[in-house]
Amino acid sequence: MQQNLNLNLKFVTGMATCLKDVFIEVPIAIREGNTAILRCDYDLEQEALYTVKWYKGRQEFFRYVPKELPHTRVFPLATINVDVSESGPNQVVLRQVTPELDGKYRCEVSADAPTFHTQIVAAWMHVVRTMDGKPELYLEKPQYSLGEKLRANCSSPPSNPPANITWFINDKELGNGRIIRIPSVRPSGQLFKTVSSIEYDVLIAGKLKVKCQSDIYHVIGSETEVMLDEDKPRLASILQPHDHSAGLTLSPSFHIIILIIFAVIR
């Protein structure tokens, strides 16, 4: 799934000229291998367009000139794959983006003669390398009683840059917990696994919904949640022996309580 329009950076500039309202719109974060659409919009009013130039860093890689044939020109730049058929005066399309394309992009718009007014706008794009999958959520116990302390940890899928982790209990945000990041070397390069742990005092009776959310730049992410039942003591579980109770030692007073309850029932 392409993640390139959920959250964008817009830089707006304006000058007292006919060329105005120039802004750039790029994905703040996009998965490695996806298609990035970089837009540059502007208002020429009564002026004609002279050129639109696109740069990564200081190096130009695409130019649109309406008075030339062909209108578009691509300049060699390592790992940039421009889809010329989808690129033009207001956008440039990059196919199969790689981590090397992480960086600052500039759009330079120039009006035609006689003014040749020019404006430049810029924005950052981050290319994210991440493994597929959801966060792994581990809990100390499957059930919790009122007053107990819930302990859990969550691990994100490996990624670069590292993911952020946010905890929720019953849809209430708890924060990021205690974070550590573990590097791992893969054939595709170094990745990082984010591990977070929390301790939470159970102060509300009833079921608990525990959710761990992993995200990168609030654009690319996934989540895992579990529903925990309340650990309520039941009379039947006290009177009837269970296999898992072997080795459990009851105090004399606890035996007396059981006998009293049994007598009342009879």
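Two strands count as paired if DSSP finds at least two bridges between them. Helices (H or I, at least four residues) and strands (E, at least two) are DSSP runs, numbered from the N terminus. With that in hand, take a pair of strands in this chain: β10 and strand β14 (residues 159–160) run antiparallel and are joined by two bridges. R129 has N160 in β14 as its bridge partner.

A word on the source. This is a predicted model, in which local features need pLDDT of at least 70 and side-chain atom pairs count only at pLDDT 80 or more, while totals for chains, interfaces and linings use all residues. Residues are numbered from 1 along each chain as its sequence is written, and side-chain values use heavy atoms, with hydrogens and water left out.

Now the whole chain. The protein chain has two helices and 20 strands. Of its 266 residues, 39% are buried; buried means under 20% relative accessible area, exposed over 50%, and partly exposed in between (1.4 Å probe, protein chains only). If we take contacts between residues at least 6 apart in sequence, 58% of them join residues at least 24 apart. Contact here means heavy atoms within 4.5 Å.

Back to β10, which covers residues 118–130. Strand β3 (residues 29–31) pairs with β10 in the parallel sense, over three bridges, and R31 has V128 as its partner there. Strand β9 (residues 103–111) runs antiparallel to β10, with eight bridges.

What lies between β9 and β10 in their hairpin? There are six residues between the strands, and F116 takes a positive phi near 50°. P114 is also in that loop, and the peptide bond from A113 to P114 is cis, with omega near 10°. Another cis peptide bond runs from L69 to P70, with omega near -10°; P70 sits in the loop between β6 and β7 (72–74).

Next, the inside. A nonpolar core is a set of buried Ala, Val, Leu, Ile, Met, Phe, Trp, Tyr and Cys residues joined through side-chain atoms within 4.5 Å. The largest one has 31 residues, and L38, Y42, W54, F61 and L94 touch the most other members. Elements giving two or more residues to this core include β2, β4 (36–43), β5 (49–56), β9 and β10. Apart from this core lies another, of 14 residues, among them L137, W167, V202 and L208.

Strand β2 (residues 20–27) also holds I24. Is I24 buried or exposed? I24 is buried, at a relative accessible area of 0%. I24 and E108 are 84 residues apart in sequence, yet 9.8 Å apart in space, C-alpha to C-alpha. D21 counts as partly exposed because its relative accessibility is 39%.

Last, a sheet. Five strands form an open sheet in the order β12-β20-β19-β15-β16, with mixed pairing. Its edge strands, β12 (143–144) and β16 (172–175), each pair on one side only. Strand β15 (residues 164–169) and strand β19 (residues 208–216) run antiparallel and are joined by six bridges, and I165 stands opposite S214 in β19.
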